[in-house]
Amino acid sequence: MTTPRTVLVTGGNRGIGFTIAEEFVAQGHRVAVTARSGEGPEGSLTVVADVTDAASIDAAFSTVEAELGPVEVVVANAGITKDVLLLRMSEDDFSSVVDTNLGGAFRVVKRAAKGMLKARFGRIVLVSSVVGLYGGAGQANYAASKSALVGFARSITRELGARGITANVVAPGFVETDMTAVLPEQTQADYKKAIPAARFGTAAEVAKTVTWLAGDDSGYISGAVIPVDGGLGMGH
Ligand code: NDP
């Protein structure tokens, strides 16, 4: 049994974030999720926030701090795709994806770091993607935003590592959620052929890795990129 912590997961109303929050609840932690709409899993506190808006993140943290105590574990999970080939990619296609996936992580981690420094304890987990390391045709915006999380986590590790704070990246491969359900059947079949495990992953497999990184046994792991991808990204 790991020490119960106050945990905040962004984008916890559906998909991988919902399952991560569910797993933290199951392990006995005090869990809050941010959502633009909908709710987190049973047993969690839902706070409204948009990760592109620093003021809404600040308000969400203040509510969580008042209800559950200072945030000790933050999971930057909220993310979007706007897949389109480079020559057709608009300024907005690029900047909105980077602002949500990378800017969102920055805003949330910056707000969380204040309390973590005071407590001299913190666990930061950034949800990246195999695509951030491997690349993806039609995903220059998404891949750039996800690979940037690695430099972000490693810089935080150098800056805050001596204060009991770790920052790690989890890089899932293809996971069955709304995000991958929109892929054409043929594309899904092609991806499966390329994955050594010959299947998509489950949100639970990602969630177990995230909760483990936040747990008592992982205090000496920081700046790492942990793949949960059935071997797809090996060596990247
Ligand atoms: P979903 O599309 O199912 O869910 C995305 C979540 O992010 C939703 O909760 C959504 O909230 C939230 N979100 C998006 N934009 C914002 C915003 N501006 N502010 C607040 N919340 C926002 O995606 P997944 O669960 O599949 O993905 C979760 C994370 O995992 C993402 O970072 C994704 O890039 C990453 N990932 C997913 C993989 C997959 O195969 N599914 C593979 C590798 C990485 P709302 O409901 O309000 O839209």
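## Basis of the model

Helices (H or I, at least four residues) and strands (E, at least two) are DSSP runs, numbered from the N terminus. The model is predicted, so local features need pLDDT of at least 70 and side-chain atom pairs count only at pLDDT 80 or more, while totals for chains, interfaces and linings use all residues. Residues are numbered from 1 along each chain as its sequence is written.

## Surroundings of the ligand

Helix H1 (15–26) and helix H6 (178–181) each contribute at least two residues to the shell around the ligand. That shell holds 27 residues, of which Gly11, Gly15, Arg36, Gly79 and Thr177 are the closest; a residue is near a molecule if its C-beta atom, placed from the backbone, lies within 6 Å of it. By class the shell comprises 9 nonpolar, 14 polar and 4 charged residues, where Ala, Val, Leu, Ile, Met, Phe, Trp, Tyr, Cys and Pro count as nonpolar, Asp, Glu, Lys and Arg as charged, and the others, Gly among them, as polar.

## Packing of H1 against H8

H1 and helix H8 (residues 203–214) pack with their axes 8 Å apart and at an angle of about 50°, the axes being lines fitted to C-alpha atoms over the stretch in contact, with angles running from 0 to 180 degrees between N-to-C directions. The two helices H1 and H8 are therefore oblique to each other, given that angles under 35 degrees count as roughly parallel, over 145 as roughly antiparallel, 65 to 115 as roughly perpendicular and the rest as oblique.

On the H1 side the contact includes Gly15, Ile16 and Phe24, and on the H8 side Ala203, Val206 and Thr211 are among the residues involved, contact meaning C-beta atoms, placed from the backbone, within 7 Å. The contact of H1 with H8 has 8 nonpolar, 3 polar and 2 charged residues.

Conventions
Contact = placed C-beta atoms within 7 Å.
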